[in-house]
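User: Please take me through some features of this model, one question at a time.

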Amino acid sequence: MSRFVIPLVLFLALVVFLAIGLGRDPHLVPSALINKAAPDFALPELREPTRIITPQQMRGKVWLLNVWGSWCPACREEHPYLIEIARSGAVPIYGLSWKDKREDALATLSELGDPYVLNMSDFDGRVAIDYGITGAPETYLIDKNGIIRYKEVGQLNPEVMKQKILPLVQELNR
Amino acid sequence: MNLLVLTAARDLLKMKSCFLLLVILASFPLFAIAKEAQPLAVDPALEERMMKLSKELRCLVCQNETLADSRADLAEDLRGQIREQMKAGKTDKEIIEYLTARYGKFILYNPPVDPTTYLLWFGPFLLLLAGLFLLFRYVKQRRELIVEVPLSADERLRAEGLLKATEGKETA
């Protein structure tokens, strides 16, 4: 009897492991920056390049840093939802215009609307590396003291907002 | 060269090995790619050091590739970053620390030995030990199963006869 039971148990264990493996997205690399200080930067604003933006200017605010590019189809898809969040006034969104061209980024904003309070131009991608970005879109939630509290890899959606980000925003704003 | 290929082709056709010829012809473009011009490095020693380090790092876009092999945009940026930090006099260790602080241990192509990777590192040896244990147990059990039956008087006589017969042949 045990002749059949042991291989069967081993086989089932293998099936369980493979099933877990199938359900996981290997691109969801856990961020090493959660609960660490948001890396510093000084980047020109997209619309007014003479204006230099630093994270210190957002101190005292809970804010989202959304990494996007006009070249990124998933970002275009995410865009209407960002506008919805901006309209709701739940949390301000700052954009990191990643590896883009100024004209292209501005054209996208005038075509699809502008959900961002302002945009930092990271055209050479250096700041993105400092933030451990692996692709666009990615969004960080940063608290009043400039500490990173959450990172969403991929598009923001109502479910993530409702279950993860909005509760955190409420807690951090308290 | 052409002539050589043509004569070779004729011989091969005679031998009806068109297939081999096809394989040879199909592999010519590969040689061409291998000789493609490399971008000129400003400092070959630094470039070599950078490539050596990026072989130990994972590309985060195509995750089964090293940073050295990847042609993804982000990989190029990361290589640029490594190059820059090397120029600024940082050691390999400092650069790896910089990258793991941002991308986590996942960026290391060679997983470090720590509690989260014990199973990965030592699991195979555990399996090996378990296998050896089962093997020994099986062999021991089998040995116990084999019962030695002494030869009967008849059989002994026959065996002795056979042995004598072969001895006779050997001396002959």
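Predicted model: local features only at pLDDT ≥ 70, side-chain atom pairs only at ≥ 80, totals over all residues.

Residues are numbered from 1 along each chain as its sequence is written, and chains are lettered from A and ligands numbered from 1 in the order in which they are written.

User: Which strand do the buried residues of helix 3 of chain A pack against?

Analyst: Helices here are DSSP runs of H or I of at least four residues, and strands are runs of E of at least two, numbered from the N terminus. A residue is buried if 20 or more other C-beta atoms, placed from the backbone, lie within 10 Å of its own, exposed if 12 or fewer, and partly exposed in between. In helix 3 (residues 102-112) of chain A, the buried residues are A105(A), T108(A) and L109(A). Packing rests on contacts, with C-beta atoms placed from the backbone within 7 Å, and the partner of these buried residues is strand 4 (93-98) of chain A.

User: Why do the buried residues of helix 3 of chain A line one face of the helix?

Analyst: The arc is taken from the directions from the helix axis to the C-beta atoms. E103(A), A107(A), S110(A) and E111(A), on the other side of helix 3 of chain A, are exposed. The buried residues line one face because, seen down the axis of helix 3 of chain A, they fall within an arc of 95°.

User: At what angle do helix 3 and helix 4 of chain B pack?

Analyst: Axes are lines fitted to C-alpha atoms, for helices over the stretch in contact, and angles run from 0 to 180 degrees between N-to-C directions. The axes of helix 3 (residues 44-54) of chain B and helix 4 (residues 73-87) of chain B are 10 Å apart. The angle between the two helices is about 125°.

Notes
Contact = placed C-beta atoms within 7 Å.
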